[in-house]
Amino acid sequence: MSGNTEVVVVGGGYAGVMAANRLTQRDDVTVTLINPRPTFVARLRLHQLVGGSHGAVFDYREVLAEGVRLVIDTVTRIDAAGRNVTLAEGGTVGYDYLIYAVGSGSTDRRVPGAAEFAYPIATLEAARRLRSVLDAAPATAALTVVGGGPTGIETAAELAEQGRRVTLVCGGVLGPYLHPRARRTASRRLARLGVTVLDGPDAEVTAVTRDAVRLGDGRELPSEVTIWTAGFGVPDLAARSGLRTDAVGRLLTDETLTSVDDERIVAAGDSAAPSDLPFRMSAYAAGCLGAHAADTVLARIAGEHPAPVDLSFPAMCISLGRRAAIFQLAHKDDTAMRLYIGGRAGAKLKELSCEYSVKHLVDEARKPGSHTWPKGDKRRQLLRARRDQAPAAAGRIA
């Protein structure tokens with residue numbers, strides 16, 4: 001390809017910023033990052049924003065390469081045929097390549113009353129609203145956190161460490177990703193903080209009211225503030241734009257992260273579904289996938305074949321307040337090992353992970369192309385196994 005190449009990155013989270021910074025390796029590439037807010041949100045710290053120990057935002061000048069043009073607006077439609085995006089405030093921006101990195105947010109809260117009376121935490125605006133609600137609530141108010149995943153655990157621990165009265169309703173297993181040994185450690189830490197943990201099949205929320213939470217076994221828990229952390233969803237921009245998505249709404253791609261509908265569109269982060277087998281939603285994966293998406297675009301600009309994505313997960317970190325955490329080591333297929341690090345050592349590793357999630361972006365801005373990550377062959381094995389199973393399943397149907 002000759003002349004200047006215009007690349008538009010939609011979304012300014014971990015994946016989008018990493019991709020934009022990495023694209024600046026070439027002087028003949030113009031990079032435009034479109035994001036609805038003027039600050040970078042460190043989503044790993046939103047529970048700290050709610051608890052008051054961190055602001056969870058950074059100026060884009062701290063994380064974005066100087067050569068990247070920042071447009072503060074929302075993309076309402078992608079016109080793949082015309083190679084442009086429509087902006088909410090009017091006008092369009094054209095592109096030669098587009099990186100789709102719109103991230104994730106809260107799922108539809110379809111439990112009766114949840115949308116009206118429960119407070120999500122997945123976005124900056126939601127976390128700030130919740131912070132205001134908690135500041136106005138009495139110190140003795142009964143708080144209920146719904147969701148036993150990392151966000152729910154971290155939010156419950158953060159608030160309990162401040163002396164708040166917190167109940168954590170898991171709707172199943174506490175910390176389902178964790179190895180049972182690490183789960184027991186997390187449970188003991190939450191108990192020491194005074195968190196009441198309700199788990200198991202009966203601990204599923206069936207309704208939320210203004211001042212209570214109802215469970216599947218009929219129990220009704222007093223709840224002056226109900227916090228909803230049960231799952232994440234993705235924006236519907238791809239589906240609204242006529243691009244194929246998975247059942248959740250993530251953009252369907254091949255293993256190079258290229259849309260199955262258009263080789264000029266490449267996805268990264270939580271909103272990507274390569275081979276309909278998406279990676280676990282996380283800041284770590286978002287940064288790595290953002291870098292790989294940029295590499296795919298750069299390969300195409302150079303007339304080369306993009307490489308398939310190769311990413312393994314070394315660990316998961318869950319904070320348990322400011323003085324303890326679980327640093328759960330993982331196998332390359334992203335399943336938990338028996339080995340984990342807890343307590344203060346775990347807290348230090350968790351803090352380093354949060355710091356490095358931003359530092360990696362800064363480093364890539366200063367030296368584009370420098371970001372690296374652990375590789376592994378487990379994904380290729382999973383894809384081969386799925387391909388091998390498909391003919392057998394077809395044979396049974398026939």
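**Figure 1. A56 sits in the loop between helix 2 (46–51) and strand 4 (57–59).** This close-up comes from a predicted model, as do the views that follow. A56 is not a glycine, yet its phi is positive, at about 65°. Is A56 buried or exposed? With a relative accessibility of 0%, A56 counts as buried, because that label applies to anything under 20%.

**Figure 2. D276 is another residue with a positive phi that is not a glycine.** Here the phi value is near 55°. You can find D276 in the loop that runs between strand 22 (272–274) and helix 9 (283–301). D276 has a relative accessibility of 44%, so it counts as partly exposed; that class covers the range between the 20% limit for buried and the 50% limit for exposed.

**Figure 3. R210 lies in the loop between strand 15 (205–208) and strand 16 (212–215).** Its relative accessible area is 63%, and because exposed means over 50%, R210 is classed as exposed. Which residues does R210 touch, if we leave out those up to four places away in sequence? They are F117, S223 and E224. Take a moment to look at F117: R210 and F117 are 93 residues apart along the chain, but their C-alpha atoms are separated by 5.5 Å.

**Figure 4. Helix 1 (residues 14–23) is largely enclosed by the rest of the structure.** How many of the 10 residues of helix 1 are buried? The count is 10 of the 10, which is why the helix can be called largely enclosed. Follow the helix from Y14 through A15, G16, V17 and M18, and you are passing buried residues. Carry on through A19, A20, N21, R22 and L23, and these are buried too.

**Figure 5. The largest cavity holds about 40 Å³ of space.** The count of cavities of 30 Å³ or more comes to one. Which residues line the largest cavity? G269, D270 and A272 are on the list, together with F279, R280, M281, S282, A285 and L289. Sorted by class, this lining has five nonpolar, two polar and two charged residues.

**Figure 6. The second largest pocket holds about 170 Å³ of space.** Its lining is made up of 13 residues. Those nearest the centre of the pocket are F279, F313, D333, R379 and L382.

**Figure 7. Stepping back, the protein contains 11 helices and 25 strands.** Its radius of gyration is 22 Å, close to the 21 Å that the globule rule gives for 398 residues, so the protein is as compact as a globular protein of that length. Along the principal axes, the C-alpha atoms fill a box of roughly 65 × 55 × 40 Å. Of the 398 residues, 53% count as buried. The protein exposes about 17,600 Å², and carbon and sulfur atoms supply 51% of that area. Among contacts between residues at least 6 apart in sequence, 63% join residues at least 24 apart.

Methods: Residues are numbered from 1 along each chain as its sequence is written. This is a predicted model: local features need pLDDT of at least 70, side-chain atom pairs count only at pLDDT 80 or more; totals for chains, interfaces and linings use all residues. Side-chain values use heavy atoms; hydrogens and water are left out. On a 1 Å grid over the protein atoms alone, a cavity is a set of points where a 1.4 Å probe fits but cannot get out, and a pocket is an open set with protein on both sides within 12 Å along at least five of seven lines; lining residues have an atom within 4 Å of a point. Grid points are joined across faces, edges and corners, and a volume is the space filled by probe spheres set on the points. Ala, Val, Leu, Ile, Met, Phe, Trp, Tyr, Cys and Pro count as nonpolar, Asp, Glu, Lys and Arg as charged, and the others, Gly among them, as polar. Helices (H or I, at least four residues) and strands (E, at least two) are DSSP runs, numbered from the N terminus. The radius of gyration is taken over C-alpha atoms; the globule rule is 2.2 Å times the number of residues to the power 0.38. Buried means under 20% relative accessible area, exposed over 50%, partly exposed in between (1.4 Å probe, protein chains only). Contact means heavy atoms within 4.5 Å. Accessible areas come from the Shrake-Rupley method with a 1.4 Å probe; for residues, only the protein chains shown count as cover.
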